[in-house]
Amino acid sequence: MRSLWYNAKVQSVALLKGGLLLEKITIYELARELNMTPSMVSRALSPNGKVRADKRNQVLEAAKKHGFVPNSFASRLSMKSIRIGVIIRTRSHVNCEKMVAAIKSAYNELRDYKIEYDIKIIDPHTEQFEETQQTILAYADRDGLIVSGLSAEKYAPALNAFYEKNKNLVQVQAANENLPCLFSSKHDEKTAAEMAAEFLSCCLKRSEQKNILLLTGDLNSALHKSAAEAFASACEKHKLCLVESFDMRDSEEFLKNSVADIFDRHGEKIDGIYITSGISAPLCEYLEKSDLSPFVVAFDTHSAIREYLKKSIVTATISQDVTGQMKNAFRALILYIIKGETVPKTFFSDIRLVLQSNIHLFD
């Protein structure tokens, strides 16, 4: 749990000191002039503050007359803390660490405000489904909830129940478009899939064989299903032959037990592979051991992918920027709650194609 706020003295003089333009009038003087309490004036100046329309207009007119600009510190000091819950469900320790670091970074940028947050990390290998549902619902009394890795349909009832009580629900990374939420922050899986197909098409431009294997993360996830559909469409556009679309179920163990069977079905006829999940080590190990060298477009930039990229077993990989996704989500949710700033329905992170030559840019 983190909580941070600063005492701030609101100045009442208009002068330039150290590059900072100080206010001409304080919130207390505005309150005295309007015969209101400072807290009422503060609420009237906040888009989300609960105050009668006539009182708000009166305050805004007086503020405009005096050229008053609310001080971020002062306007939050008399208010309760903003409490945010975060649930991260992931098999990737690297992505988890990136998301936690992103939250800390966004939190530090928002030091003006009284913010509290706590993070619940769920390991799918040891997850108790009933406990996850209860955790989701337990956050309903918070000011907002950010979830990552809960896009599967089985979580829909709990997330829908949360949304009925609290509309400040944000999805990060794997977002289920069928679920109601304030907004989502994710990579554009359709564009990523189209990039992968175009890249493989360029690699195989002069080849007579253009047989492609698709390995999806988990087709119960709307994100992986959408990526698979987009990739199939892009393969058709680029005249690539999609020989199989295999659901890895986002399980390294399942892929490890299945990869030999996949290649028994297709042998050396596989010319290109696209993986929509960061779980690719069993495939790369098999290709290295079997001395097979199809063009491979992987996903994410974690350490295992980097090693196989350096060995040329992976030809390219896609960076989805989970750090940017979580940071955008945390920052946008806080500013929406405090200032009523409008948010798009979806924040898309940058998608980059990573090769041996530019992997150092993604440390």
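1. Two strands count as paired if DSSP finds at least two bridges between them; strands (E, at least two residues) and helices (H or I, at least four) are DSSP runs, numbered from the N terminus. On that basis, Leu-215 stands opposite Ile-275 in β11. Strand β9 (residues 211-216) and strand β11 (residues 272-275) run parallel, joined over four bridges.

2. The model is predicted: local features need pLDDT of at least 70, side-chain atom pairs count only at pLDDT 80 or more, and totals for chains, interfaces and linings use all residues. Residues are numbered from 1 along each chain as its sequence is written, and side-chain values use heavy atoms, with hydrogens and water left out.

3. An open sheet of six strands has the order β10-β9-β11-β12-β13-β15, with mixed pairing. From one strand to the next, the twist averages 20°.

4. Helix α10 (residues 252-266) packs on this sheet, touching β9, β10 and β11 (contact means heavy atoms within 4.5 Å). The direction of α10 makes about 155° with that of β10; axes are lines fitted to C-alpha atoms, for helices over the stretch in contact, and angles run from 0 to 180 degrees between N-to-C directions.

5. Helix α9 (residues 222-237) has 16 residues and spans 23 Å between its first and last C-alpha, close to the 22 Å expected (1.5 Å times one less than its number of residues). After α9 comes Lys-239, with a positive phi near 60°.

6. Among the buried residues of α9 are Leu-223, Ala-227, Phe-231 and Ala-234 (buried: under 20% relative accessible area, 1.4 Å probe, protein chains only). Their cover includes α8 (189-203), β9, β10 and β11.

Notes:
Buried means under 20% relative accessible area, exposed over 50%, partly exposed in between (1.4 Å probe, protein chains only).
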